[in-house]
Amino acid sequence: MKKIITLALMAALPSGVLAHSKVEETTPADGATIIGVPAEIGINFSKDIRLTRIEMAHEEHSAVSLDLGDQTSFGQEFTIPLPSNGTGTYVIEWRGLGEDGHAMQGEFSFTVE
């Protein structure tokens, strides 16, 4: 009987309760077109994660790793300095670990005019 009640409760929970952290917001926004290269980028997650690596690719330059600085502990908001490669499309790829140790990764992009 306990198993049936447990399964019924799990089925009733919103799927987001059991999900891993997701990106809630990036700065600049994913797919945005902006004027001028920002001095830094921001990533906000729905739950704590630990960023392990972040890279920037530009349409006219090879991908480079960005410095995480002292942002090596678990958190939800990260701000990373961004080197300028001028106008064009920037692709930011990140990797991290959820609090449960699950590896996570994602990317977002924006265009600078």
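Contact here means heavy atoms within 4.5 Å. This is a predicted model, in which local features need pLDDT of at least 70 and side-chain atom pairs count only at pLDDT 80 or more, while totals for chains, interfaces and linings use all residues. Residues are numbered from 1 along each chain as its sequence is written, and side-chain values use heavy atoms, with hydrogens and water left out. The chain has 113 residues, with two helices and seven strands.

**Overall make-up**

- Helices (H or I, at least four residues) and strands (E, at least two) are DSSP runs, numbered from the N terminus.
- Read from the N terminus, the order of elements is α-α-β-β-β-β-β-β-β.
- Of the 113 residues, 28% are buried; buried means under 20% relative accessible area, exposed over 50%, and partly exposed in between (1.4 Å probe, protein chains only).
- The chain has an accessible surface of about 7100 Å², and carbon and sulfur atoms hold 53% of that area. Accessible areas come from the Shrake-Rupley method with a 1.4 Å probe, and for residues only the protein chains shown count as cover.
- Among contacts in the chain with a separation of 6 or more, 61% join residues 24 or more positions apart.

**Thr26, in strand E1**

- Strand E1 covers residues 23–27 and includes Thr26.
- Thr26 counts as buried because its relative accessible area is 11%.
- Beyond its neighbours within four places in sequence, Thr26 is in contact with Gly42 and Phe108.
- A polar atom of the Thr26 side chain lies 3.2 Å from the backbone nitrogen of Asp30.

**Ala63, in strand E4**

- Ala63 belongs to strand E4, which spans residues 61–65.
- The relative accessibility of Ala63 is 48%, so this residue counts as partly exposed.
- Setting aside neighbours within four places in sequence, Ala63 has contacts with Glu55, Met56 and Ala57.
- Ala63 and Ile92 are 29 residues apart along the chain, and their C-alpha atoms are separated by 9.3 Å.

**Gln105, in strand E7**

- Gln105 sits in strand E7, made up of residues 103–112.
- With a relative accessible area of 57%, Gln105 is exposed.
- When residues up to four places away in sequence are not counted, Gln105 touches Trp94 and Arg95.
- For Gln105 and Arg95, the C-alpha atoms are separated by 4.2 Å, and the two residues are ten residues apart along the chain.

Definitions and conventions. Polar contact = N/O pair within 3.5 Å; in protein donor to acceptor, adjacent residues only side chain to side chain.
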